[in-house]
Amino acid sequence: MYLFDLLSNCILIAFNSIKEKLDNKNKETEKEPEKPKIEFFKNSVVNTSLTFDNFIVGKCNIEAQQAALYIATNPGKVFNPLFIYSNSGLGKTHLLQAIVNYIHEKEPQKRALYCTSDDFINEFVRAVSADQAFKDLSDYIYSSDILFIDDMHNVLRSTSKEKDTDISS
């Protein structure tokens, strides 16, 4: 009698497991079709040739290069955020993209999001004007382990222009 009870319990457990899998499969097929995913930051592309190996180090950028390399080897732990300010053409974008490339190479499981400030603002404005897109954009950004925004001076420049042209005050 004991063996019969044990066997019937095993059959019942197996039956319930199969029934649960079939029910889940039916639920999956009954779901609403997924809406198409919105692509964000399509225009922000990292140039894979911009690395630390081919960055030209000089007196004007050695500290920035050292900080960038340190960040690349310890993402999210030091200099968070890192803000590099210098004249045009001294390697800010190169360093930023070198960090992204380094992380992609050494820690491919990490999701690094790179964009320019113009693309960030454009995506934000586009998302705010759409119904669900703002939540999608927010989820997309927060799903990244590391966020890199290049050319932040453009944001400052655009806000100062808005203040200069604001005639309502």
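Predicted model: local features only at pLDDT ≥ 70, side-chain atom pairs only at ≥ 80, totals over all residues.
User: How much space lies in the largest pocket?

Analyst: The volume of the largest pocket comes to about 770 Å³.

User: How do the lining residues divide into nonpolar, polar and charged?

Analyst: The lining of the largest pocket holds 18 nonpolar residues, together with 6 polar and 4 charged ones.

User: Let us turn to the whole chain. How many helices and strands does the secondary structure come to?

Analyst: The chain has 6 helices and 2 strands. Their order along the sequence is α-α-α-β-α-α-β-α.

User: What do contacts tell us about residues at least 24 apart in sequence?

Analyst: Taking contacts between residues at least 6 apart in sequence, 76% join residues at least 24 apart.

User: Where is Q97, and is Q97 buried or exposed?

Analyst: Helix α3 contains Q97. Its relative accessibility is 6%, and therefore Q97 counts as buried. The C-alpha atoms of Q97 and V46 are 6.1 Å apart in space, although 51 residues separate the pair in sequence. Beyond residues up to four places away in sequence, Q97 touches V45, V46, N47, L50 and Y114.

User: Which helix holds K92, and which residues does K92 contact?

Analyst: K92 belongs to helix α3, which covers residues 92-106. Neighbours within four places in sequence aside, K92 is in contact with I84, Y85, S86 and N87. For S86 there is a further detail: the side chain of K92 reaches the backbone oxygen of S86 at 3.2 Å.

User: Why does Q65 count as buried?

Analyst: Q65 counts as buried because its relative accessible area is 12%, and the cut-off for buried is under 20%. With neighbours within four places in sequence left aside, the contacts of Q65 are F52, F55, V57 and L95.

User: Where does K110 lie, and which residues does K110 touch?

Analyst: K110 is found in the loop between α3 and β1 (112-116). At 26% relative accessibility, K110 is partly exposed. Not counting residues up to four places away in sequence, K110 touches P75, I103, D145 and I146. For D145, the C-alpha separation from K110 is 6.0 Å, across 35 residues along the chain.

User: How does one read phi, and what is the value for F41?

Analyst: As a general rule, most residues other than glycine have a negative phi. F41 has a phi near 55°, a positive value in a residue other than glycine. The loop between α1 (2-30) and α2 holds F41. F41 is buried, since its relative accessible area is 5%.

User: What is phi for D151, and where does D151 lie?

Analyst: The phi of D151 is near 60°, again a positive value in a residue other than glycine. D151 is located in the loop between β2 and α6 (153-165). Its relative accessibility of 26% is the reason D151 counts as partly exposed.

User: A last topic is cysteine. How many disulfides does the structure hold?

Analyst: The structure holds 0 disulfides. C60 counts as exposed because its relative accessibility is 57%, and the cut-off for exposed is over 50%. C115, by contrast, is buried, with a relative accessible area of 0%.

Terms used: Residues numbered from 1 in each chain as written. Heavy atoms only, no water. Helix = DSSP H or I, 4+ residues; strand = E, 2+ residues; numbered from the N terminus. Contact = heavy atoms within 4.5 Å. Polar contact = N/O pair within 3.5 Å; in protein donor to acceptor, adjacent residues only side chain to side chain. 1 Å grid on protein atoms, 1.4 Å probe; cavity = no way out; pocket = protein on both sides within 12 Å on 5 of 7 lines; lining within 4 Å. Points joined across faces, edges and corners; volume = space filled by probe spheres on them. Nonpolar A, V, L, I, M, F, W, Y, C, P; charged D, E, K, R; others polar. Disulfide = S-S within 2.5 Å. Buried < 20%, exposed > 50% of the residue type's maximum accessible area, 1.4 Å probe, protein only.
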